[in-house]
Amino acid sequence: MSTAVFEAQLSLLQSHYRVVPPSTLLDEMRRRRVGQRVPVALTFDDDLRSHVETTLPVLKRLGVPAAFFLCGASLTQPHSFWWEDLQRSVDDGGRALLDVAPPMSGGLAAVLAGERGALRSLARAVEDAPPGERARVASDLRRAAGAATGAPLDAEGVRRLVAAGYEIGFHTLRHESLPTLDGAELAQALEEGRAQLEKVTGRPVRMLAYPHGRAADREARAARAAGYACAFTGRPEALRADGNPFLLGRIEPSFDSVEVFEAQLGRALQAARA
């Protein structure tokens with residue numbers, strides 16, 4: 001997303017909605033009265049250096065609150081996830097991917113041919129794979145992609161976000177698709193790395209964003225049991241006052257249009273009022 005589109009979308013929110021910290025969103029919705037602006041919250045996922053270098057200056061200049069949901073995988077050393085390795089390999093021509101284990105092989109030809117939506121479909125197949133198979137694919141992708149380029153979000157970057165007054169949530173250390181994990185693996189995923197992130201932020205981390213936005217009742221119960229106060233999915237749903245605080249929806253905005261983003265918001269609100 002270009003910075004110009006991002007700023008225009010923030011201006012839209014500030015003009016027509018009330019932007020609040022994500023940790024307060026449900027309470028603000030419950031306190032809202034007819035005629036008052038609808039509260040909205042901004043969230044950002046993953047351990048991206050652009051959070052500090054690109055996003056933070058815009059948020060500060062416009063005075064917009066937000067939360068960053070971090071894995072903490074790169075606090076002490078560079079790290080890249082399998083989808084970043086996949087994208088980097090495709091950007092390099094993708095031939096190294098021919099030796100990657102299934103489920104990559106099924107949709108790889110379409111990806112290399114540049115078919116629209118093929119890369120997203122291939123990534124979804126990896127998300128849906130059993131944990132052991134996904135781990136093998138991740139290992140193959142790491143070899144195919146070679147050394148990571150660029151700087152991820154390290155501990156110093158996290159501290160800059162905290163010092164600027166922004167909220168930090170957890171996105172799980174390994175970013176596994178939680179519905180594919182068994183009960184013990186799920187409980188571990190919700191805790192592993194959380195204490196390390198709290199040590200860097202200097203405060204409890206009590207908000208969660210489910211990896212890939214995927215969660216249902218089982219994951220919601222596990223998040224509650226793990227001591228989180230709220231958790232966000234990837235469902236494009238507006239919040240209702242009687243909503244489950246552990247299955248909050250989120251809208252991924254259009255990357256290139258303010259008008260499409262405005263329509264996305266309108267559709268979500270209309271559905272919530274129905």
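**View 1. Arg194 and Glu198 are four residues apart in helix 10, which means about one helical turn separates them.** Helices here are DSSP runs of H or I with at least four residues, strands are runs of E with at least two, and both are numbered from the N terminus. Welcome to a predicted model, in which local features need pLDDT of at least 70, side-chain atom pairs count only at pLDDT 80 or more, and totals for chains, interfaces and linings use all residues. Residues are numbered from 1 along each chain as its sequence is written, and side-chain values use heavy atoms, with hydrogens and water left out. Arg194 and Glu198 form a salt bridge, with their closest N and O atoms 3.9 Å apart; the term calls for a side-chain nitrogen of Lys or Arg within 4 Å of a carboxyl oxygen of Asp or Glu. Arg194 also forms a salt bridge with Glu191, where the closest N and O atoms are 3.2 Å apart. Arg194 is buried, at 7% relative accessible area, while Glu191 is partly exposed at 37% and Glu198 is partly exposed at 24%. Here buried means under 20% relative accessible area, exposed means over 50%, and partly exposed lies in between (1.4 Å probe, protein chains only).

**View 2. A salt bridge joins Glu192 and Arg174.** Their side chains meet at 2.6 Å, N to O. Glu192 lies in the loop between helix 9 (183–189) and helix 10 (194–201), and Arg174 in the loop between strand 5 (167–170) and helix 9, so the pair ties together parts that are 18 residues apart in sequence. Glu192 is partly exposed, with 23% relative accessible area. Elsewhere, Arg49, Glu53, Asp154 and Glu156 are linked in a salt-bridge network. The structure holds 20 salt bridges.

**View 3. Phe44 and Phe68 belong to an aromatic cluster with Phe6 and Tyr166.** A search of the whole structure finds six aromatic pairs. The ring centres of Phe44 and Phe68 are 5.1 Å apart and their planes are at 20 degrees, so this pair is stacked. Rings of Phe, Tyr and Trp (its six-membered ring) pair if their centres lie within 6.5 Å, and planes under 30 degrees apart count as stacked, over 60 as edge-to-face and the rest as tilted. Phe44 is in strand 3 (residues 43–45) and Phe68 in strand 4 (residues 67–70), so the pair ties together parts 24 residues apart in sequence. Phe44 counts as buried at 15% relative accessibility, as does Phe68 at 0%.

**View 4. His79, Ser80, Phe81, Leu173 and Arg174 lie nearest the centre of the second largest pocket.** This pocket is lined by 24 residues: nine nonpolar, 10 polar and five charged. Helix 7 supplies the largest share of the lining, seven residues. A pocket is an open set of points on a 1 Å grid over the protein atoms alone, where a 1.4 Å probe fits, with protein on both sides within 12 Å along at least five of seven lines; lining residues have an atom within 4 Å of a point.

Conventions
Nonpolar A, V, L, I, M, F, W, Y, C, P; charged D, E, K, R; others polar.
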